[in-house]
Every structure is written in structure tokens, then in C-alpha cells.
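Hi everyone, thanks for coming. Have a look at the model on the screen, and I'll walk you through a few spots on it.

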Amino acid sequence: MHNPPAAIFSLVVAVCGWYYLFYSRAAHKLRGIEADRVNGRRVLLRRLSGAAMCGLAVSFFAAFCVLDEKRELRGIAVLVAISLAFLMAIVVLAIADVRLTLKLRCHKR
């Protein structure tokens, strides 16, 4: 492996995604504060974000550690595009979660 920083980044992102997907209970703690339907949506958004983080880690690792050694530029370009799509999905899911939080704050006042 010729790219240790990419491997370390991939591992950190995968661990964060794994935690967010299976162990994070922050959204569950809002169950008593917000409606069950909204809370279920928030939990789903966070789990999807965790899954996207795991996908980002795998695609990034494959692009910069596996295919980089073989110098397959087409494969690297495809995997970088997939990594960017995962990153965009994470940002969109985070924005949706923030919007739910803003709605919660407006209803609390």
C-alpha cells in the first residue's frame, strides 16, 4: 500500500459511519420531545448517513489504495465519482437532519 493517509482516512470514516449506523442513540433520545413520525424519520436519516459514510470509506479506499497501485485511471475516476456521490448524499442527509432540528426549535418556542 503506497498511500497510508488515504487508508487512515478511510478507516476513520468507516469507524465513524459504523458507529453512526449502529450505536448512535442521539436521535432516539428526542423521542419524547418530537412526534414519533418525525423522530422515526430522523433516525432513518442518521442511519442512511452512517451507511453512506461506510460506502464513502470503501470507495475512497478502493480508489486511492487498491486501484492507484495498478494505475487504472478509468477505474479511479469512477470510484472518485462514486466517493463524491456518497459525500453529497451525506451532506444532503445532514441538511435534512438540521432542517428537522430547526423545525423542532421553532415549535418549542
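Let's begin with helices: these are DSSP runs of H or I with at least four residues, numbered from the N terminus. What you see is a predicted model, where local features need pLDDT of at least 70, side-chain atom pairs count only at pLDDT 80 or more, and totals for chains, interfaces and linings use all residues. Residues are numbered from 1 along each chain as its sequence is written, and side-chain values use heavy atoms, leaving out hydrogens and water.

Okay, Arg-99. You'll find Arg-99 in helix α3. Buried or exposed? Arg-99 is exposed, at 53% relative accessible area; the cut-offs are under 20% for buried, over 50% for exposed and partly exposed in between, with a 1.4 Å probe and protein chains only.

Now the rings. Searching the whole structure turns up four aromatic pairs. One of them is Phe-60 with Phe-64: the centres are 4.6 Å apart and the planes sit at 40 degrees, so we call this pair tilted. For the rule, rings of Phe, Tyr and Trp (its six-membered ring) pair if their centres lie within 6.5 Å, with planes under 30 degrees apart stacked, over 60 edge-to-face and the rest tilted. Because Phe-60 and Phe-64 are four residues apart in helix α2 (residues 36-70), about one helical turn separates them. Phe-64 is partly exposed, with 28% relative accessible area. Phe-9 joins in too: ring pairs link Phe-9, Phe-60 and Phe-64 into a cluster.

Last stop, Trp-18. That one lies in helix α1 (residues 4-22), and at 47% relative accessibility Trp-18 is partly exposed.

Notes: Helix = DSSP H or I, 4+ residues; strand = E, 2+ residues; numbered from the N terminus.
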